[in-house]
Amino acid sequence: MTNTALGILIPFFGTSLGSACVLFMKNKLNPILQRALTGFAAGVMVAASIWSLLIPAMEQADSMGQWAFMPAAVGFWTGILFLLLLDRTIPHMHMNSSKAEGPQSSLQKTTMLVLAVTLHNLPEGMAVGVVYAGWVSGDAGITAMGALALSLGIAIQNFPEGAIISMPLRAEGADKGKAFLYGVLSGAVEPIGAALTILAAGFVLPLLPYFLSFAAGAMIYVVVEELIPEMSEGEHSNVGTILFAAGFTVMMALDVALG
C-alpha cells in the first residue's frame, strides 16, 4: 500500500515542482520555451497511451484472438467522447486564448485557466489509478516497475505543465503565492482520481482492458485538442515537434526499460 500511495503521488509532485518555477522565474514564459515544454508533454502522453495503456489492454484481451483489439477500440472511443463531453460542459479557457470554452460563465479568467489544466490532469490520474489497480490485483500482467514507469512518465510531463499554468497566472496579475497554489491545485485531481480508481478496483479489474484504453483515449484527446495546437501556434518553429519526439522517446524508453 505504501508503494501504491507513493506511486499515485509521484505525478502530483511533478506538477507541484513545475508550479514552483513561478517562485524563481520571471513573470512570463518565453513563447518558444512554452511551445517546447508543451511539445515534450504531448510526446510523453502519446507514448504513455500506447505502451502503458493500449498495448497492455490488447495483451489482456489476447484470449479474444483476432478480436483482441475490440476492448481497446471501445475503451479508447469512450475516453475520447467522455473528454469531449467534459470539454462542452465545463467552462474553461486555454492558454494564450481570450475566449472561454464550454457554457457561459461568470468565472474569473484565472479560474477557467486552472479548470482547463485540471481537465488535462483528470485522465492522467485515472491512467495511473487503473495501472496500479491492475498491479495490486496481482493477476493483470502489470508489474510494479511498469506501474512506476507510467507514474514517472506522467510526473516528467507534469513538470512543464505545472510551469505552463503557474507562469501565465502570474502574468495575468496573480501574486506568486497564489499562482503557485493554483498550479498545485490543478494537479490535485490526479492523486484523487487515482485513489478513487483503486478503491473501485473490484469493479475496474473485470473490465481492465476497457479502462486502460479509456484512459488512453482521454489522454490522446487532450493531446490533439489542446497540446498540439498550443505547441504549434505563433511564429513557425520546429521546436515543438522536436520536443514532442524527445518526450515520446523518453516515455517509450522508461516503459520498455522499467516495464
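This is a predicted model: local features need pLDDT of at least 70, side-chain atom pairs count only at pLDDT 80 or more; totals for chains, interfaces and linings use all residues.
Local features here need pLDDT of at least 70 and side-chain atom pairs pLDDT 80 or more, while totals for chains, interfaces and linings use all residues. Residues are numbered from 1 along each chain as its sequence is written, and side-chain values use heavy atoms, without hydrogens and water.

Reader: Why is α1 called roughly parallel to α5?
Author: Helix α1 (residues 2-19) and helix α5 (residues 144-171) pack at about 25 degrees, with axes 6 Å apart. Angles under 35 degrees count as roughly parallel, over 145 as roughly antiparallel, 65 to 115 as roughly perpendicular and the rest as oblique. Therefore α1 is roughly parallel to α5.

Reader: Which residues of α1 make the contact with α5?
Author: Contact means heavy atoms within 4.5 Å. G7, I10, P11, G14, T15, L17, G18 and S19 of α1 take part. On α5, the residues include L148, S151 and F159.

Reader: How many residues of that contact of α1 with α5 are charged?
Author: The contact of α1 with α5 has no charged residues, but nine nonpolar and nine polar. Asp, Glu, Lys and Arg count as charged, Ala, Val, Leu, Ile, Met, Phe, Trp, Tyr, Cys and Pro as nonpolar, and the others, Gly among them, as polar.

Reader: What makes α5 roughly antiparallel to α10?
Author: α5 and helix α10 (residues 239-258) pack at about 160 degrees, with axes 8 Å apart. That angle makes α5 roughly antiparallel to α10.

Reader: What classes of residue does the contact of α5 with α10 have?
Author: Among the residues that meet are M145 and G146 in α5 and D255 in α10. By class, the contact has nine nonpolar, two polar and one charged residues.

Notes. Axes are lines fitted to C-alpha atoms, for helices over the stretch in contact, and angles run from 0 to 180 degrees between N-to-C directions. Helices (H or I, at least four residues) and strands (E, at least two) are DSSP runs, numbered from the N terminus.
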